[in-house]
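What follows is a guided reading of a protein model, moving from a helix to a strand and then to a single side chain. Please keep the structure in view while reading.

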Amino acid sequence: MKYLTLVPDGCGDRPVESLGGLTPLEAAGVANINALAKISEVGLVRTVPEGFAPGSEANVTLLGYGPDAYLTGRAPLEAAAMGIGMAENDMAFRVNLVTLSGDGGYDGLTIKDHSAGEITDEEAEILMQYIDGELGGDGVRFYAGVGYRCLMISDRFGADLRFTPPHDAKGRKTGPNLPQGAGAETLADFQRRSYELLKNHPVNLKRVQNGQNPANSIWIWGQGKKLVLAPFGSKYGIKGSVVAAVNLVKGYGACAGLNVVKVPGADGTLHTNYGGKALAAIDEFKNGAEFVYLHVEAPDECSHAGDAAGKIKSLELIDEKIMKPVAEYLSACGEPYRILVVTDHYTLLSTRTHSFEPVPFVLYDSERKQAPENWKAFSESAGAMGRFFKSGSELADYFFRT
């Protein structure tokens, strides 16, 4: 048996007035996924555990792990994906490269862009090496990651800190959204100093000259301790791989003992290498993987940008360039197979932030095809008419064990 989980990150949404009252999933032309849905189980699953903020950490529940794994925060997962070792007392922090706008002191600036115009890996590497040289040391290190998604590792801070994710604070002033709690002033000072260091850096002067948003500040958030997961192979008895662009999802894969695949050109944006991801998944199956977790960040990024057209386009590209070729391979491979198409959380175009709603899923089993029904689709409204799972881990257990 082969298993594919396809996760279009953040694709769940509420009806959008400009789309005629449809959600992006309902408006998108996802013919391949919906053809599969008509002969599949369709329903809803609550991926975000009770009492937790909605975020891409929900991916760990879809791999079959419970709330304890969700607690860790995203930064330690990104560290694991990057091969950065963490000691027992270390804390990892996500560091975004962001764009701030306005005049005057740092606390009065406005958070314009949480991704600094989707800054490239190469530019981020230059800026973060500079930041590490100027602000690092004395138990603090800064690391470049994928694009704007960078890291800080330190043994100087405890868990009693509260942060505002930059994508939740777009359009707001920096001051009220700076870190809070024990040690917060040091972290806020890092951010203030980073602005003075970065605003006139040659990389940013060139970006401004080219009409791009400058990466003129770091933004610290998403802290957590090192995560230890039970091996996926011993949990479900199968060998698996993760195909993803973002280090958060790669980190979950690394911590779970899954093979983590790097795809050239896969950058977590609307312009990611969709075809390369499909080929990587097929190659993993050909090379002995029984399970592939294929994650695509683009719908989430478009939602954070308030880009309805981009969100729809990303879904259509996922359907045509990923779902179609991978499903065709599985159909022709001569083995029974299952496909789970599910998102990790809603990301609302209306607010540009994550939301708590149970998310839709489609579960296809080549050995247990459902009777065709026209109402079935990969959408929020169709999911509400189907089966409900109270947690992502419950759905994962059903997917792998029944």
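Predicted model: local features only at pLDDT ≥ 70, side-chain atom pairs only at ≥ 80, totals over all residues.

The buried residues of α7 are Ala184, Leu187, Ala188, Phe190, Gln191, Ser194, Tyr195 and Leu198. Because these residues cover an arc of only 145 degrees around the axis, they lie on the same side of α7. Glu185 and Glu196, by contrast, are exposed on the other side of the helix.

Strand β2 calls for another reading. Five of the five residues of β2 are buried, so the strand is largely enclosed by the rest of the structure. Both of its faces are covered, with Glu41, Gly43 and Val45 buried on one side and Val42 and Leu44 buried on the other.

The pairing partners of β2 can be considered next. Strand β16 (residues 359-365) runs antiparallel to β2 and is joined to it by five bridges, with valine 42 standing opposite valine 362. Strand β17 (residues 387-389) pairs with β2 in the parallel sense over three bridges, and here arginine 387 is the bridge partner of glycine 43.

Glutamate 41, which belongs to β2, deserves a separate look. This residue counts as buried because its relative accessibility is 18%, below the 20% cut-off. Beyond residues up to four places away in sequence, glutamate 41 touches Phe361, Val362, Leu363, Gln370, Arg387 and Tyr398. With tyrosine 398, the side chain of glutamate 41 forms a side-chain polar contact of 2.6 Å.

Conventions. Residues numbered from 1 in each chain as written. Heavy atoms only, no water. Helix = DSSP H or I, 4+ residues; strand = E, 2+ residues; numbered from the N terminus. Buried < 20%, exposed > 50% of the residue type's maximum accessible area, 1.4 Å probe, protein only. Polar contact = N/O pair within 3.5 Å; in protein donor to acceptor, adjacent residues only side chain to side chain. Contact = heavy atoms within 4.5 Å. Arc of directions from axis to C-beta. Pairing = 2+ DSSP bridges.
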